[in-house]
Amino acid sequence: MSGQAGVAIVGCGLIGQKRAKARGDARLVVCADIAQDRADRLAATAPGCKAVADWKVAVSDPSVSVVIISTLHDTLAEIAHGAVAAGKHALIEKPAARRASELEGLAEAAAASGSLVRVGFNHRYHRALQKAHQLVTSGALGPLMFLRARYGHGGRLGYDREWRSDPVKSGGGELIDQGPHLIDLARWFLGDFPEVEGFATTYFWDMPVDDNGFLLLKTASRQVAFLHASCTEWKNTFSFEIYGRDGKIEINGLGGSYGTERLTYYKMLPEMGPPETTTWEYPMADNSWDMEFAEFLEDIRLTRQPSAGLHDAIEALKIIEKIYGMSGYDHHA
């Protein structure tokens, strides 16, 4: 790909707008949204950008090389299949589909058309998580034992009447909304989880989907990820702790309403007792979207498979589906 990448954004809501701002030097060529006025508004932010209501027009545009898909969950996979069939690279927002089966054949189609597909697991690109991954891979924590993480928000009046509470549009509730970020981060640090236990339920909101998901995931060597995703948190919370034999990392906050992003590294001393403690704070604005897209442009330049790709989305969805099955939810409407 030579020169500036031409980008199409399909789905011009909040996330589509974030993506437009984080596109680096790529050129925004076309915006598509079933609500034409939303497409018009986003297109107006970039010179010469077109606005259309039909995503098929956007993905077949010859000046487009990268399609960013930020629609509701029910059309993510369909549009991704269309983008790849048109020979475009695609960034699909998580969870990438309502269930793993919707992504069947997409990796093969992408390989055949030379398209690269990245899934928007932007939390990997938060500064504290990047730092944690460097510390873990450098061996600072020694062999990892387990991790424990919580991610939750407080909802808002009418939350149970929004699209996320409709299983046909969303594929599920909180477990498929904030849950994929937790599962993806756990897989990024610990690897695959052949053993999956958990429970999803609806405690508070008047909706047919879950508002809390509890997960106990085990690797083949019995390392555990103990995760909780909730939209009855009342105060927005992000907490991610990684435990090794030689120390621990604790991450709190993601900026904004989640509080200042902060990483604390506790290094166990030979005599044990109180650990040597180092804290990094990241009070600056979240740049994870910018970092993620910049890496995708680099993937394309190098013809390199993206580090967060379809396999990661499929593995996360399989875990979510298994827990929905155990919990008596049938979202295959």
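Mentor: What follows concerns a predicted model, taken strand by strand and then ring by ring.

Trainee: Which way do the side chains of strand β4 point?

Mentor: Strand β4 covers residues 66-69. V66 and I68 point one way, while V67 and I69 point the other way. In a regular strand, side chains alternate between the two faces of the sheet.

Trainee: And are those four buried or exposed?

Mentor: All of them are buried.

Trainee: Which strand pairs with β4 over 4 bridges, and in what sense?

Mentor: Strand β1, residues 6-10, pairs with β4 in the parallel sense over 4 bridges. Within that pairing, A8 stands opposite V67. Strand β5, residues 89-93, also pairs with β4 in the parallel sense, again over 4 bridges. There, L91 is the bridge partner of I68.

Trainee: What does the chain cross through from β4 to β5?

Mentor: The chain passes through helix α4, residues 73-85. This β-α-β crossover is right-handed.

Trainee: Changing topic, how many aromatic pairs are there?

Mentor: The count comes to 11 aromatic pairs. One of them joins F238 and F240, whose rings lie 6.3 Å apart, centre to centre, with 5° between the planes.

Trainee: Why is that pair called stacked?

Mentor: The pair counts as stacked because its 5° angle falls under the cut-off of 30 degrees.

Trainee: Are F238 and F240 buried or exposed?

Mentor: Both are buried.

Trainee: Which residues do ring pairs link into a cluster?

Mentor: The cluster consists of Y151, W188, F189, F238, F240 and Y258.

Terms used. Residues numbered from 1 in each chain as written. Predicted model: local features only at pLDDT ≥ 70, side-chain atom pairs only at ≥ 80, totals over all residues. Heavy atoms only, no water. Buried < 20%, exposed > 50% of the residue type's maximum accessible area, 1.4 Å probe, protein only. Helix = DSSP H or I, 4+ residues; strand = E, 2+ residues; numbered from the N terminus. Pairing = 2+ DSSP bridges. Right-handed = clockwise from strand over helix to strand, strands pointing away. Phe/Tyr/Trp six-rings, centres within 6.5 Å; stacked < 30°, edge-to-face > 60°.
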